[in-house]
Amino acid sequence: MSTPYPFTALVGQDDLRLALLLNAVSPRVGGVLVRGEKGTAKSTAVRALSALLPPVATVTGCRFSCDPAGPDPRCPDGPHEGTGSGERPARMVELPVGASEDRLVGALDIERALAEGVKAFEPGLLADAHRGILYVDEVNLLHDHLVDVLLDAAAMGASHVEREGVSVRHAARFLLVGTMNPEEGELRPQLLDRFGLTVEVAASREPSERVEVVRRRIAYEDDPVSFAARWAGAEEALRERITAARALLPSVVLGDGALRQIASTCAAFEVDGMRADIVMARTATALAAWAGRTEVTEGDVRQAALLALPHRRRRNPFDAPGLDEEKLDRTLEESAEESTEDGPEPEPEGGPDGGGPDGDPDGGPDGGGGGGGRPPRGDGPSVPPQSRGSDDSHESQDSPEPQETHEPSGAQQGDGAGASGTGAAEQRPVAAAEPFRPKALSVPGIGEGAAGRRSRSRSEHGRTTGSRLPKGTLTRLHLSATVRAAAPHQRARGRGGPGLVVRREDLRQAAREGRESNLVLFVVDASGSMAARRRMGAVKGAVLSLLLDAYQRRDKVGLVTFRGRDAELALPPTSSVEAAAARLERLPTGGRTPLAAGLLKAREVLRVERLRDPSRRPLLVVVTDGRATGGVDPVALSARAAGLHAADGITSIVVDCETGPVRLGLAGALATRLGGSAVTLDELRAETISGLVRDARDTGPTGAAGSPRTGRIDRKAA
């Protein structure tokens, strides 16, 4: 077994260490979501935590880690009366992003269940994680069906496995810890809310801290055993402090004044539901116990808010988690004044005792300082909980309202006519119009891509459409097909009783049809004609609406823009629609309209993505008025480029941005050459877009006579 990196040897990251330690003190806090850039010790810290947890008492021989003091009466290995007990180290179970559902919840041997009537159950990762830590690295990339299982287990504290009437249930209470890089996409709101606390981590910009990180990491990799031995004393001291805080926790008093502050804070920040209030109360209590106190203070409430509320304040997918600390301080002061009127409570001036999370006033072995439950009022940790660095893409997402997010930001300096060859002055970005809710666009046919919510696909989840012979392990039994396959052979197999004699060759896998995610590639005209007619605001609003739809349907998105003399891949295909929205906000306009260059750039992007992920089907969305200018015979070049997409069988939608009483119909002609459909900006709304979806399904990428070729919408379907 490899030697884990010592928790006390971590440099800095005070908020991350504090959040993990609070969950070690009180698992009822509800886990931690760690958000941050690559290479910031997220996974290292989580793995190091398990070595600090006290051992777990279990019933001897129980595969589900039942507590001898109160064994689960419905445990599959029970009953446990008269059974001995023992101890084992606390477990940290890692859930791989690509794990199957059977690996997570456990597997039933369907063949033995049918032939012998035996519930042969092999426990999964949820059983292993019971009374321990369930760790999900890159949790935002977890498939939806696994997220659903996690939500059910986290809500009920138990896992249920059912296969064709055979049911097994066992306890599954665990500390859920996830790490993620926001650049790769956000979490579903339901799973996000299940994490009690969240912390933002970023690499230190202090050279001295970076040097110490490198020095310690190299020393650990050269000799892990010796390195861990040097930190053994600090690890033991921290372990003892966790044990002492756990013992003190039941004695901590959460007074009415602190409760009022918690309720007022959650109400002031308009968080949904009551889970935030409960998590804040548990976190504040754990902070007091960690500091060795028996009463919750205002400092505890403030720190609890900074850890428990940021990820619960998002109002749309493009909002970055965060908390206005000035508003938080005002809310706490106003609540304290109200509590004083009702009856004052004692309130120490400072926050909780102790410097770093390990109890050292100087920040422990790291020398990082901060943390330890001290409210960061300006002199806290070097990386505050809500710090996201200074990148513009983060600053542009601070507003909770989409229309405020896309305010004009002035003329861009680094992407002018000289840089992009526009031949015309670049115009300042314009604000996006109000987004709307579109109906679903889909790719025709049945695919086999990653699980999602857009197009039809063959999958392990969804409605049953038939049966087939299993490939490898049987995962979903088609019972009637299995019985039909076994029935003709009963006499030859010597059947003499009521039971059915089933052999492996009789088993049939259920064929199911669900939904897949797609690659939605936007090709956006950013030329001068778009801005001259003041259409760019409406165009951005339409693309933003489709991005919101892509977020909800778990799609990958990419963004190609064309203007001046060339096209640019503004955003390579990614699962982060937030990044796409940020690029769209800063999109400059001006210059000529190299439509052919945009289409050819899109074709190259799709070619590369087809090699990377051949099962993910693309949907091309071209946003333009259909004009093509610049170069030699730009119209003919555009027609040839569109024909290449049609030959590739790409499903295409053209959003016609042409306005005014006289229209040339160029976008409709482009849609015909692409073999797709055209829709105007006015028609790109929920009440009218259903006709477009019907056309895309009926004609497919090869097209047909009628509305898709002429760019019209089937209004009967709408």
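Visitor: Which residue lies over the face of Phe 269?

Guide: A charge sits over a ring if NZ of Lys or CZ of Arg is within 6 Å of the ring centre and within 35 degrees of the ring normal. Here Lys 327 lies over the face of Phe 269, at 4.9 Å from the ring centre. Likewise, Arg 241 is placed over the face of Trp 290, 3.8 Å from the centre of that ring. The model is predicted, with local features needing pLDDT of at least 70 and side-chain atom pairs pLDDT 80 or more, whereas totals for chains, interfaces and linings use all residues. Residues are numbered from 1 along each chain as its sequence is written, and side-chain values use heavy atoms, leaving out hydrogens and water.

Visitor: How many aromatic pairs does the structure hold?

Guide: Rings of Phe, Tyr and Trp (its six-membered ring) pair if their centres lie within 6.5 Å; planes under 30 degrees apart are stacked, over 60 edge-to-face, and the rest tilted. The structure holds 4 such pairs. One of them joins Tyr 5 and Tyr 220: the centres are 5.1 Å apart and the planes stand at 75°, so this pair is edge-to-face.

Visitor: Are Tyr 5 and Tyr 220 buried or exposed?

Guide: Buried means under 20% relative accessible area, exposed over 50%, and partly exposed in between (1.4 Å probe, protein chains only). Both Tyr 5 and Tyr 220 are buried.

Visitor: Why is the pair of Tyr 5 and Phe 227 called tilted?

Guide: Their ring centres are 5.4 Å apart and their planes meet at 35°, so the pair is tilted. Phe 227 has 1% relative accessibility and therefore counts as buried. Tyr 5, Tyr 220, Phe 227 and Trp 231 together form one aromatic cluster.
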